[in-house]
Amino acid sequence: MKLLNTLSDALFKIEKVIVILLMSVILLSIVLGVVFRYFLNSPLTWTDELAIYMLIWITFVGGSMSVKNGKAASLDLVFDQVSVKWQRIFLIAGYGFVIIFSAIVTYMAIKWISNPAVLTQISPGLKISMFLPYLSIPFGLFCLTIHAVNHLVQAFIFTGTKVHAEGGQ
């Protein structure tokens with residue numbers, strides 16, 4: 001359990017760095033696009049596409065981070081009104097479903113991006129392999145699966161205080 005928690009925490013730190021870098025790239029890309037379009041009258045064709053791809057990465061990595069921090073959508077109103085026994089059952093069932101869903105979609109996404117047609121697809125503006133934007137799906141869902149497994153293990157020892165608080169404790 002300690003190893004799983006350490007892995008989840010390490011992944012979370014990596015995700016934070018990734019999101020900070022991606023947000024910086026979005027900001028720089030949009031500023032460059034505006035400056036070149038409106039001040040230099042020479043629009044860059046790739047800045048919008050870059051911002052979109054960074055936003056896609058942020059969506060999947062941020063979704064994983066929200067599960068780690070317990071900030072994902074939940075029914076706290078109902079959860080807080082039932083006994084600890086039922087809270088534990090809800091946590092186990094909920095994280096179980098999340099793990100099954102994210103593991104299946106991760107597997108399917110890996111199969112999809114491994115397809116030669118996807119590997120050879122090139123983005124129109126940046127002229128990069130579409131493998132890189134598409135990689136956000138299995139990466140984000142793999143991290144989400146690790147965080148959910150960590151929370152599932154913690155749910156089995158749930159005592160009535162939230163197991164999905166800041167930092168996964």
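Start with the aromatic pairs: there are three of them in this predicted model, where rings of Phe, Tyr and Trp (its six-membered ring) pair if their centres lie within 6.5 Å. Planes under 30 degrees apart count as stacked, over 60 as edge-to-face and the rest as tilted.

Before you click further, a word on the ground rules. Residues are numbered from 1 along each chain as its sequence is written, and side-chain values use heavy atoms, with hydrogens and water left out. Because the model is predicted, local features need pLDDT of at least 70 and side-chain atom pairs count only at pLDDT 80 or more, while totals for chains, interfaces and linings use all residues.

**Stop 1: two tilted pairs**

Select W86 and F90. Their rings form a tilted pair, 6.0 Å centre to centre with 45° between the planes. Both sit in helix α4 (residues 84-113), and because they are four residues apart, about one helical turn separates them. (Helices are DSSP runs of H or I with at least four residues, strands are runs of E with at least two, and numbering goes from the N terminus.) W86 is partly exposed at 43% relative accessible area, and F90 is partly exposed at 39%. Here buried means under 20% relative accessible area, exposed over 50%, and partly exposed in between, with a 1.4 Å probe and protein chains only.

Next, select W112 and Y134. This pair is tilted too, with ring centres 4.4 Å apart and planes at 40°. W112 lies in α4 and Y134 in helix α6 (residues 131-134), so the pair ties together parts that are 22 residues apart in sequence. W112 is partly exposed at 38%, whereas Y134 is buried at 18%.

**Stop 2**

Zoom in on M54: leaving aside residues up to four places away in sequence, M54 touches L22, V25 and I26, contact being heavy atoms within 4.5 Å.

**Stop 3: α2 beside α7**

Now show α2 together with helix α7 (residues 136-155). The two pack at an angle of about 0°, with their axes 8 Å apart. Axes are lines fitted to C-alpha atoms, for helices over the stretch in contact, and angles run from 0 to 180 degrees between N-to-C directions. That makes α2 roughly parallel to α7; the term covers angles under 35 degrees, with over 145 roughly antiparallel, 65 to 115 roughly perpendicular and the rest oblique.

To see the contact, pick I56, W57, F60 and V61 among the α2 residues, and F139, C143, L144 and H147 among those of α7. The residues of this contact divide into 10 nonpolar, seven polar and one charged.

**Stop 4: two loop residues**

Finish with N41, in the loop between α1 and α2. Its phi is near 50°, a positive value in a residue other than glycine, and N41 is exposed at 65%. Then jump to K127, in the loop between α5 (116-119) and α6. K127 is not a glycine either, yet has a positive phi of about 60°; at 59%, K127 is exposed.

Technical notes:
Nonpolar A, V, L, I, M, F, W, Y, C, P; charged D, E, K, R; others polar.
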